[in-house]
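Hi,

Here is the structure I promised to pass on. Please have a look at it first, and then read my notes below.

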Amino acid sequence: MTSLDKPTTEDTSADDARAVTEAALFEAFGGVRGMVETVLPGLLFVSIYTVNKDLHMSAIAALAVSLVLVVVRLVMKDTVKHAFSGVFGVGFGVVFAMMTGNAKDFYLPGMLYTLGLALAYIITAMAGVPLIGLMLGPVFRENLSWRTRNPGRKKAYTKASWAWGLILLGKSAILFPLYWWADTTQLGWVLVALKIPPFLLAVYLTWVFLAKAPPPIDVFAEMEAKEREEEKREEERRAAAAQENGGATPAGRHRRQG
């Protein structure tokens, strides 16, 4: 192998940073399974409603599959946060649609949530406390250290938050006019089609920004190291005190007094 073929330390560290970033994003956003849990209830609702126009059957089927996904997570002893969020979202949609009798209202709570989330990303990015940093900081074990100790990291989180905000805002700009002008099936199929692509684009841009950013500061490791150092000092103080007390025997004290 020539020197050109051998990977450099910088290349290796960069690859490690990318791998860590990929793993963290996969964990934070649920990966493929999380996407399936997000799409499946809405897909089932619009599929059934397209066939028979039965709001009650469509809503109950969507809620039932959401509950099944949670049970599967519990049985497999896996994290349930993504499945639970799906249940709550579908539950609000079902209640809202049942109350109004309008099948399109099944989608309205999720659309309002998307719009609110878009504004939250943009506002927090403008305020210097990007939401994506608040979400991913604990995943990277850096908490809020990026705000004051890692400006390159803060810049990457700000860019990512802007990306998420603008992408979700664009999605809302498509869906809300359809809510007023299109029928339930048209709105439903467009919404299902827009579930994954904008999400993947936002995740990809986040990965790009973070892969180029400085590595996170592991504040948990720092705290653990500080605790070990304090324990070591305490042990040294105890050992010194024990040695001093052991050397001060009665005979020794009598000789010093004499």
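What is the mean pLDDT of the protein, and what share of its residues reach 70 or more? The mean is 83, and 82% of the residues get to 70 or more; pLDDT is the predictor's confidence in each residue, from 0 to 100.

A word on the ground rules. This is a predicted model, in which local features need pLDDT of at least 70, side-chain atom pairs count only at pLDDT 80 or more, and totals for chains, interfaces and linings use all residues. Residues are numbered from 1 along each chain as its sequence is written, and side-chain values use heavy atoms, with hydrogens and water left out.

Helices here are DSSP runs (H or I, at least four residues), numbered from the N terminus.

The axes of α8 and α9 come within 9 Å and cross at roughly 165°; axes are lines fitted to C-alpha atoms over the stretch in contact, with angles from 0 to 180 degrees between N-to-C directions. That makes the two helices roughly antiparallel (over 145 degrees). Ile174, Leu175, Leu178 and Tyr179 of α8 meet Leu187, Val190 and Leu191 of α9, contact meaning heavy atoms within 4.5 Å.

Helix α9 (residues 184-193) also holds threonine 184. Threonine 184 is buried because its relative accessibility is 8% (buried means under 20% relative accessible area, with a 1.4 Å probe and protein chains only). Beyond neighbours within four places in sequence, threonine 184 touches Phe45, Tyr49, Ala103, Lys104 and Tyr107.

Best wishes

Technical notes. Buried means under 20% relative accessible area, exposed over 50%, partly exposed in between (1.4 Å probe, protein chains only). Angles under 35 degrees count as roughly parallel, over 145 as roughly antiparallel, 65 to 115 as roughly perpendicular and the rest as oblique.
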